[in-house]
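Please keep the sequence and the structure in view while reading.

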Amino acid sequence: MFVVGWSGMLRSSEIVGLPWRDVHFTSTGELMLYLPRTKTDPGAGSWVLLSAPEGRVINPGLCLQQLRDLVRVVDQDDWVFRPSLQAEALRSKNTVAPRLKKALARAGISGAELYAAHSLRRGGPTHAAKMGVPLRFIKVMGHWKSDTVREYLYGNAVGVVWLVKSGVLGRVGVGVYKWVR
């Protein structure tokens, strides 16, 4: 869930609302997700292409292929991310943040309590920017129509933790941080 959300720059509602029928694997190993409705395109639908170079540790296509094989998908209307094989979908976008914090804490990541579901949405574009991807492409990849994406880009994790703890960063909503100017 986290690899797909981060690499796809997805919103929590897009993560928990993803059925298997909207997950497509290409013959060349890429992963395509169809989002029938997004915050910026309600009802219009959009495609998200996720790819990783050969041998990359983080490969969203491989992660979803392995998940599909593990759960033995029979019904294409089943939700991709469920708490268990017997459970219904993670119906609420509010279920992503506690799961992320728990996973980070289990992995020994310090400051796990500072992360929120929106950290996935912010982490993807931040990483892309650090890799030199032009802002116009990041906007397309993350479905941003405005320059709001600029507010999503962190300088670095250590700097963000310092900013949060020092109060230089103002908290806006649940898990969404915005630079205080």
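This is a predicted model: local features need pLDDT of at least 70, side-chain atom pairs count only at pLDDT 80 or more; totals for chains, interfaces and linings use all residues.

Once its neighbours within four places in sequence are left aside, Ser 46 is in contact with Leu 33, Tyr 34, Leu 35, Thr 38 and His 143. The C-alpha atoms of Ser 46 and Pro 36 are separated by 6.4 Å, although the two residues stand 10 residues apart along the chain.

## The sheet around β3

Strand β3 belongs to an open sheet of 3 strands, which has the order β1-β2-β3 and antiparallel pairing. Because β1 (23-25) and β3 stand at the edges and each has a single partner strand, one side of each is left without a neighbour in the sheet. On average, and with direction ignored, neighbouring strands of this sheet are turned by 25 degrees against each other.

The antiparallel pairing of β2 with β3 extends over 5 bridges, and within it Met 32 has Leu 49 of β3 as its bridge partner. Helix α3 (residues 60-71) lies across β1, β2 and β3, and runs at about 110 degrees to β1.

In soluble globular proteins, nonpolar side chains tend to be buried together. Here the largest nonpolar core has 22 residues, and those with the most contacts inside it are Val 23, Leu 33 and Leu 64. At least two residues of this core come from each of α2 (12-16), β2 (31-35), β3 (46-50) and α4 (96-106), and α4 gives the most, with 4 residues.

Which residues does Val 23 touch, not counting those up to four places away in sequence? They are Leu 18, Leu 31, Met 32, Leu 33, Leu 64 and Val 80. A second, separate core of 6 residues includes Ala 128, Ile 138, Trp 144 and Tyr 152.

The side chains of Glu 14 and Arg 11 are joined by a polar contact of 2.8 Å. Beyond its neighbours within four places in sequence, Glu 14 is in contact with Leu 35, Thr 38 and Lys 39; Thr 38 is also among the contacts of Ser 46.

## The chain as a whole

The protein contains 7 helices and 5 strands, and its elements run α-α-β-β-β-α-α-α-α-α-β-β from the N terminus on. Of its 181 residues, 35% are buried. Among contacts in the protein with a separation of 6 or more, 53% are accounted for by residues 24 or more positions apart. The protein exposes about 10800 Å², of which carbon and sulfur atoms supply 56%.

Methods: Residues are numbered from 1 along each chain as its sequence is written. Side-chain values use heavy atoms; hydrogens and water are left out. A nonpolar core is a set of buried Ala, Val, Leu, Ile, Met, Phe, Trp, Tyr and Cys residues joined through side-chain atoms within 4.5 Å. Buried means under 20% relative accessible area, exposed over 50%, partly exposed in between (1.4 Å probe, protein chains only). Contact means heavy atoms within 4.5 Å. Two strands pair if DSSP finds at least two bridges between them. A polar contact is a pair of N or O atoms within 3.5 Å; within protein, one must be able to donate a hydrogen and the other to accept it, and residues adjacent in sequence count only if both atoms are side-chain atoms. Axes are lines fitted to C-alpha atoms, for helices over the stretch in contact, and angles run from 0 to 180 degrees between N-to-C directions. Accessible areas come from the Shrake-Rupley method with a 1.4 Å probe; for residues, only the protein chains shown count as cover.
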